Amino acid sequence: MTDGEPVLGGGGIWSLVHSERAALAADLKGLSDDRWATPSLCSELTVREVLAHLTAGASLNSLRWFAGVVRCRFDFDKQVAERLAEQLGASPRDTLERFRRVVTSTTKPPLPVLAMLGETIVHGEDIRRPLGLTREHPIATVTRVADYYRGSDLVVLAKGRIKGLRLVACDGPFTTGSSGPSVSGTTVALVMAMTGRAAFLDDLEGDGVELLRERCETA
């Protein structure tokens with residue numbers, strides 16, 4: 001699939017997206033049907049529904065996205081819900097198979113490719129964490145995502161959430177903020193906290209953690 005944008009080769013961003021999708025599909029292989037109903041870290045969505053949301057994002061080009069927004073009268077939440085429902089399928093096995101089919105897709109809504117990488121990693125952790133699954137994300141990949149989110153409030157509030165805080169990764173080169181209360185931890189935990197996932201705050205340390213917790217709860 002393509003949306004008029006060339007596939008980036010080798011170490012390009014699309015190859016990172018594809019690797020993360022493939023890893024998530026592999027992690028979910030053999031998951032029992034009852035566990036697909038586990039609540040995810042996304043409010044009011046099960047892990048199965050979050051996976052369908054990822055499939056929708058990899059199946060929706062700019063033209064279809066805009067047409068859907070118009071049809072939903074610019075109700076973006078309704079648009080997301082409708083696209084998710086389209087990709088849910090009749091069973092968990094069907095949901096996973098639909099996702100597998102878009103692992104190498106380069107179709108996307110009108111978002112930067114880095115946003116697609118961020119969505120894949122963050123929603124992947126939204127699924128894995130409640131299921132007790134873990135992935136050792138490549139540090140270079142999650143660092144790139146952290147660098148993206150520290151300067152963006154597109155799609156999800158992140159830049160505004162960490163304003164005035166100093167974040168420092170303990171497993172890689174990521175840092176942001178020159179002063180202020182500190183927050184430290186793994187790069188992936190920082191990414192998840194930046195994007196509002198309070199479940200990851202217990203993985204972090206520093207005098208800025210409680211302020212970040214307040215911002216996660218009120219955003």
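Predicted model: local features only at pLDDT ≥ 70, side-chain atom pairs only at ≥ 80, totals over all residues.
**View 1. Glu-44, a non-glycine residue with positive phi.** Glu-44 lies in the loop that runs between helix H1 (13-28) and helix H2 (47-57), and its phi is about 70° although the residue is not a glycine. The relative accessible area of Glu-44 is 79%, and because exposed means over 50%, this residue is classed as exposed.

**View 2. Val-155, a residue other than glycine with positive phi.** The loop between helix H7 (139-149) and strand S1 (166-169) holds Val-155, whose phi takes a positive value near 75°. With a relative accessibility of 52%, Val-155 counts as exposed, since the cut-off for that class is over 50%.

**View 3. The contact of helix H1 with helix H5.** The axes of H1 and helix H5 (residues 92-101) come within 10 Å and cross at roughly 155°; because angles over 145 degrees count as roughly antiparallel, H1 and H5 are therefore described as roughly antiparallel to each other. The crossing in which H1 passes H5 is left-handed. On the H1 side the contact is made by Arg-21, Leu-24, Ala-25 and Leu-28, which meet Leu-96, Phe-99 and Arg-100 in H5. Sorted by residue class, the contact of H1 with H5 comprises five nonpolar residues and two charged ones, with no polar residues.

Conventions: Residues numbered from 1 in each chain as written. Heavy atoms only, no water. Helix = DSSP H or I, 4+ residues; strand = E, 2+ residues; numbered from the N terminus. Buried < 20%, exposed > 50% of the residue type's maximum accessible area, 1.4 Å probe, protein only. Axes fitted to C-alpha atoms, helices over the stretch in contact; angles between N-to-C directions. Parallel < 35°, antiparallel > 145°, perpendicular 65-115°, else oblique. Left-handed = near helix turned anticlockwise from the far one by under 90°. Contact = heavy atoms within 4.5 Å. Nonpolar A, V, L, I, M, F, W, Y, C, P; charged D, E, K, R; others polar.
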